[in-house]
Amino acid sequence: MRTERILIGIGLTAACLCAYLLANFYLHLPAQWQPGTDLGGDLKQFYASGQMLKREDYRVLYRDYHFGRELYRWFEREAFDRGEELERFNFRYSPLYAWISEKALPLPYILWVKGWFWFSIACTVAAALLLLHGLPLFKKMTAACWLLILSFAPLTYALALGQNACLTFLILCASCQLLRNSQALAAGLVFSCAFYKPQFVLCGLLLMLLTGHKRFCAGLILGSILWAALSLLLCGWHAHLDWLHSLWEILRGRQSDEMATNVAWKGFVLTALPDGWQAAGMLLSYLFAMAALVWFVWRLNKLQSLKSWSADLTLALAVVYWLIFTPHVKSYELVLGLVWCIYFLRLPLPRHSILFWTAFFWSCGFLALSARHWQISLVAAPLTLWLLFTVERCVRALDECHPKAGEEGMFSI
């Protein structure tokens, strides 16, 4: 009980601070937005994409870095007028996003910001309800989980910036709940709604396929095909060819990006290592990712032989792997790691061990956000340590007190 009281005390303090920061942000929003004022995160990109698409075609969004210059012109006009060096990047999202943004242009941009803010809060609450629904947690631990979610620094950051991490969090939690209810095909269809993050969907597909969840993968493929068909119908083939070209340029490193906010190993290599070592560091990070994938699939197959293990736990761990080892993951995406963090609280482990590793992940959120100030990304190593330890402890704990599938067990997570 002491563990829960400590978690509740720390979480309540941090949640109050986060609530104050969000309230301060919302109350100081201007009544009207003037072009040239920097406001919003992903919403800035959507608004600029809609403005460009209204005047020209999709090609200007994905070629020759026209989009980056337009974004600066609309939201950072002083820097644009001074001729400062601008970031080189194209629009990163699907053409369907630009099509929707163009249709929403008649609405004032400030309504975009306020509407998305409240929509993201609704997504967060719904995701938490789905995540905690039906879990064998007593009341104080449930309260601690709510505070853990609401006080997580990357969540506050995502809400204030207007990022889509809260929507992705809801999609992930809904998919996990469906998997827990043995509705794998429906879970895959829901997971495909995260089509706006292709690398996220592909990583989930790969890891779930390697661990034998064929019905989930079938639903994910079917849903992705439906989303692609809708996007092709509304936007055309050429828009998607330009988008794929832009994504390929990102993979090749041709577009500039703020690496300090990248929580993956790529962010660490490109911010912490000297220029002469970065090529070797990137090669080692790719080899490490491949070795980690082999280990990951091996341990998951071990866990899936236990009766108490369910497919939603596999998906939660697959997302943590994506956070650490894919090339482009921003600090606010750490919200998605909360799913495995909450599951870990249910393991038959000593309370002090659960408290330590839960607080460890929670503190990684602050470390990820501080990277922007220090201009160095150091969170990949702690996240890797957290993943390795929690999976190994999970294997040992469940192997000791659970039989294999088909036998009677004492504990269920």
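Hi everyone, let's begin with the secondary structure: the protein has 20 helices and 0 strands. Helices here are DSSP runs of H or I with at least four residues, strands are runs of E with at least two, and both are numbered from the N terminus. Please keep in mind that this is a predicted model, where local features need pLDDT of at least 70, side-chain atom pairs count only at pLDDT 80 or more, and totals for chains, interfaces and linings use all residues. Residues are numbered from 1 along each chain as its sequence is written, and side-chain values use heavy atoms, with hydrogens and water left out.

Now the overall picture. Of the 413 residues, 54% count as buried; buried means under 20% relative accessible area, exposed means over 50%, and partly exposed lies in between, with a 1.4 Å probe and protein chains only. Among contacts (heavy atoms within 4.5 Å) with a separation of 6 or more, 76% join residues 24 or more positions apart.

Let's visit helix H10, residues 165-180. How far apart are its end C-alpha atoms? They are 22 Å apart, which agrees with the 22 Å that its 16 residues should span at 1.5 Å a residue; the expected span is 1.5 Å times one less than the number of residues. In H10, 14 of the 16 residues are buried, so this helix is largely enclosed by the rest of the structure.

After H10 comes Ser182, in the loop between H10 and H11. Ser182 has a positive phi of about 65° although it is not a glycine, and it is exposed, at 68% relative accessible area. Gln375 also has a positive phi, about 60°, and is not a glycine. You'll find Gln375 in the loop between helix H19 (351-374) and helix H20 (380-401), where it is partly exposed at 45%.

Next, Gln278 in helix H16, residues 278-304. Is Gln278 buried or exposed? With 16% relative accessibility, Gln278 counts as buried. Leaving aside residues up to four places away in sequence, Gln278 touches Val269, Leu270 and Leu273. A polar atom of the Gln278 side chain also lies 3.4 Å from the backbone oxygen of Leu270.

Last stop: Leu226, in helix H13. Leu226 is exposed, with a relative accessible area of 53%.

Terms used:
A polar contact is a pair of N or O atoms within 3.5 Å; within protein, one must be able to donate a hydrogen and the other to accept it, and residues adjacent in sequence count only if both atoms are side-chain atoms.
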